[in-house]
Amino acid sequence: LCKSIMKKRDYVKQIFYDSTGISTTKDIELVLKDEDIISISAFLSGEKINSEPYNPEIDRIFESYLLELKKSMVKENIPVFIKKKWPSGKEFAVAITHDADRISVDIEHFNKVKDRFTEEVIQAFFQKDEDPYWNIERIAEMEKEFGFRSSFYLLLSEYKIDSKLETFRRLIDEGWEIALHGGFNTHNNKNELLKELELFRNYFGNKSEGIREHYLKFDPEKSWDIMNQLQLKYDTTWGFNENPGFKASISLPFNPPNLEWECFNILEIPLVLMDTSLWGYMNLDEKQGLELIRKMMNVVKNTGGLFTILWHQEALLMKKGQIYIEILKMLSNEECFVGNAASICKWWMSRKNTTAKMKKQGDEWICSIRNAPESMVVEVHHKNVENLKIEGKGTINKKNNRMVEVEVMGECDIIVRE
């Protein structure tokens, strides 16, 4: 039991440092409570499901430990260096994603669901042969107006894309992500997932960077391990079907643990909100849906987390699905980083791999930043921060009496006099 707790403690510590981005010295130790270690490890391994879905409790627990570390460092007159969570120091981030369960509809199926559409869409289908389920280009054009790029997950087990392949390739060239929507039994069967990944490669000439499983099917004891073995960079399945929320009690990306409580290479990008939860499960109207979307966004904003949205592309022209444009407008008015899941994964792993080593030399503290991605911002707290110096590629963004933000543009030493 003691050995197990120690392994879990080391795992939770790693996730804490990945999440908060703080650098510490060997004299300042993060001391985790046993109850927090047990709870956090249970959530992040999928052993436990969050019973308070609107509460990203781990985000808040980490923030409280971060505050304690900062207080300890200030007491010892040690400057605090923190890698900001998101590019350019944005307050929070949003991953926009779309599952393409269907990319076309026939008359038989449309007649079963036509009450979901406006009369205008119905007439366009019957009179002009305009397919209301092919909305990928429409969505891309809408997002382009705001400078956004999203992810589309293709359910290749259910349809062929030969006639649309050039469109998908063009979107990839323009910055959108095209990835795999895992079909039935791929979440717990390595051979089935491998077949679909090979099918994806046959279409696009490269492997899918990430995945979301159809119907959010997931087995924490198997799925991450299978995906990790097949060298997928990320998954973004782990979320609720019935309602929005934080299934793992965290909004931030994390590397799930293997059986030895070491981090898998694969990154989990937690799903926070799915359109069908609002309409199919909760039966909200458009106004209620938008209010809940804003509420969830504000929860993430308050913790500086990641708001991952799933909006099915075939739902865009449905009566309630048409509010998607309002979501884009909402996001455009926020101080947030908006990207697709692949860009979130790339950023998070690059930030994780950025080293920020502290050392004391005479009466100066030096934090050496190496391997930083573009737009990395480091926050520095100290009583003498006005004497901060930068050697190398970095520039000061913001400054007040006790805090400075440094944008790092390459190898950089940040120096604070004691």
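I began with what a cavity is: on a 1 Å grid over the protein atoms alone, a cavity is a set of points where a 1.4 Å probe fits but cannot get out, and lining residues have an atom within 4 Å of a point.

I note that this is a predicted model, in which local features need pLDDT of at least 70 and side-chain atom pairs count only at pLDDT 80 or more, while totals for chains, interfaces and linings use all residues. Residues are numbered from 1 along each chain as its sequence is written, and side-chain values use heavy atoms, with hydrogens and water left out.

**Cavity**

I searched the whole structure and found 1 cavity of 30 Å³ or more. For the largest cavity I noted a volume of about 50 Å³, a volume being the space filled by probe spheres set on the points, with grid points joined across faces, edges and corners. Which residues line the largest cavity? I listed S19, T20, D59, F62, E63, K85, L252 and T303.

I then looked up the helices, which are DSSP runs (H or I, at least four residues) numbered from the N terminus. Both α1 (2–20) and α3 (57–75) supply at least two residues of this lining, and α3 gives the largest share, 3 residues. I sorted the lining into 2 nonpolar, 3 polar and 3 charged residues, where Ala, Val, Leu, Ile, Met, Phe, Trp, Tyr, Cys and Pro count as nonpolar, Asp, Glu, Lys and Arg as charged, and the others, Gly among them, as polar.

**Helix α6 and helix α7**

I found that the axes of α6 (residues 136–145) and α7 (residues 165–173) come within 11 Å and cross at roughly 20°; axes are lines fitted to C-alpha atoms, for helices over the stretch in contact, and angles run from 0 to 180 degrees between N-to-C directions. I therefore recorded α6 and α7 as roughly parallel to each other, a term for angles under 35 degrees. The contact (heavy atoms within 4.5 Å) is made by I136, E137 and A140 of α6 with T167, F168, R170 and L171 of α7. By class I recorded 4 nonpolar, 1 polar and 2 charged residues in the contact of α6 with α7.

**Helix α6 and helix α12**

I next looked up α12 (residues 324–332), which packs with α6 at an angle of about 25°, their axes 10 Å apart. I classed the residues of the contact of α6 with α12 as 5 nonpolar, no polar and 1 charged.

Conventions: Angles under 35 degrees count as roughly parallel, over 145 as roughly antiparallel, 65 to 115 as roughly perpendicular and the rest as oblique. On a 1 Å grid over the protein atoms alone, a cavity is a set of points where a 1.4 Å probe fits but cannot get out, and a pocket is an open set with protein on both sides within 12 Å along at least five of seven lines; lining residues have an atom within 4 Å of a point.
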